[in-house]
Amino acid sequence: MAGKKVLMVIAQENFRDEEFFEPKKVFENNGVDVTVASTDTKPATGMLGGTAKLDIKISDADMDDYDAIVISGGSGSKEYLWDNEQLHELVNKAYKDDKIVSAICVSPVVLAKSGILEGKNVTVFDDPDCINEVKECGACYENEGVVNCENIITGKGPDYAEQFGEAVLDALS
């Protein structure tokens with residue numbers, strides 16, 4: 001996987017620790033270069049107390065530099081990421097350029113709000129609001145751990161974080 005680059009996006013506060021750290025470990029253990037972005041560059045704090053060093057702001061990221069975008073979940077996603085227009089632009093650019101677009105837990109809602117899920121099979125955290133958000137945007141909800149549909153990879157939650165990371169890694173190869 002040397003030479004592959006992934007942009008991981010997390011909420012500034014209350015990202016879900018496993019959904020960030022486990023896929024990141026999968027990527028780095030396989031030689032993938034990971035850049036971490038959020039709405040600010042000060043260290044981000046996870047729901048379980050983990051901290052993440054941030055490399056760039058979402059607003060400074062350029063999808064031309066990456067092979068995939070991976071959006072971690074957690075309660076902070078709703079506050080910081082769901083309606084982030086700059087993130088929606090990155091998602092749309094990645095999708096248009098046939099790159100890997102992925103999100104886990106509540107963050108598939110970002111993909112829905114970006115307008116790329118029409119007719120796509122996806123999973124999302126088992127929460128009525130999240131399920132309704134993806135369905136309202138034309139997605140076909142599947143109650144599965146990880147779903148891969150035409151370069152769009154979605155994961156259900158922290159129990160599937162490593163499997164989600166492996167699915168993104170497989171798609172990169």
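1. Lys-93 counts as partly exposed, at 26% relative accessibility; partly exposed lies between buried, under 20% relative accessible area, and exposed, over 50% (1.4 Å probe, protein chains only). The side chain of Lys-93 meets that of Asp-97 in a salt bridge, 2.5 Å from N to O. The term salt bridge denotes a side-chain nitrogen of Lys or Arg within 4 Å of a carboxyl oxygen of Asp or Glu. Asp-97 is likewise partly exposed, at 28% relative accessibility. Both residues belong to a network of salt bridges that links Asp-64, Lys-93, Lys-96 and Asp-97.

2. A remark on the basis of these values is in order. The model is predicted, and local features need pLDDT of at least 70, side-chain atom pairs count only at pLDDT 80 or more, and totals for chains, interfaces and linings use all residues. Residues are numbered from 1 along each chain as its sequence is written, and side-chain values use heavy atoms, with hydrogens and water left out.

3. The count of salt bridges comes to 10. Side chains of opposite charge can pair when their charged atoms come close. One of the bridges joins Lys-24 to Glu-28, with the closest N and O atoms 2.9 Å apart. These two residues are separated by about one helical turn because they stand four residues apart in helix H1 (residues 17-29). Helices (H or I, at least four residues) and strands (E, at least two) are DSSP runs, numbered from the N terminus. Glu-28 is partly exposed, at 40% relative accessibility.

4. A further salt bridge pairs Lys-113 with Asp-83 at 3.0 Å, N to O. This pair links distant parts of the chain, 30 residues apart: Lys-113 lies in helix H4 (residues 108-114), and Asp-83 in the loop between helix H2 (76-80) and helix H3 (85-96). Asp-83 is exposed, with a relative accessible area of 52%, whereas Lys-113 is partly exposed at 29%.

5. Helix H5 (residues 128-136) has Cys-130, Ile-131 and Val-134 as its buried residues. Seen down the helix axis, they fall within an arc of 100° and therefore line one face of H5; the arc is that of the directions from the helix axis to the C-beta atoms. The face turned away from the buried side carries the exposed residues Pro-128 and Glu-136. The buried residues of H5 pack against H4, strand E9 (121-122) and strand E10 (140-141), where contact means heavy atoms within 4.5 Å.

6. Asp-127 caps the N-terminal end, with a side-chain oxygen 3.1 Å from the backbone nitrogen of Asp-129. Gly-138 follows H5 and has a positive phi, near 90°.

7. Helix H6 (residues 161-172) comprises 12 residues and reaches 17 Å from its first C-alpha to its last, close to the 16 Å expected at 1.5 Å a residue; the expected span is 1.5 Å times one less than the number of residues. Its buried residues include Phe-164, Val-168 and Leu-172. The elements against which the buried residues of H6 pack include H1, strand E1 (5-9) and strand E12 (152-155).

8. Thr-154 is found in strand E12 and counts as buried, at 0% relative accessibility. Its side chain reaches the backbone nitrogen of Thr-123 at 2.9 Å. Not counting residues up to four places away in sequence, Thr-154 touches several residues, among them Ala-103, Leu-111, Val-147 and Phe-164.

Conventions
A polar contact is a pair of N or O atoms within 3.5 Å; within protein, one must be able to donate a hydrogen and the other to accept it, and residues adjacent in sequence count only if both atoms are side-chain atoms.
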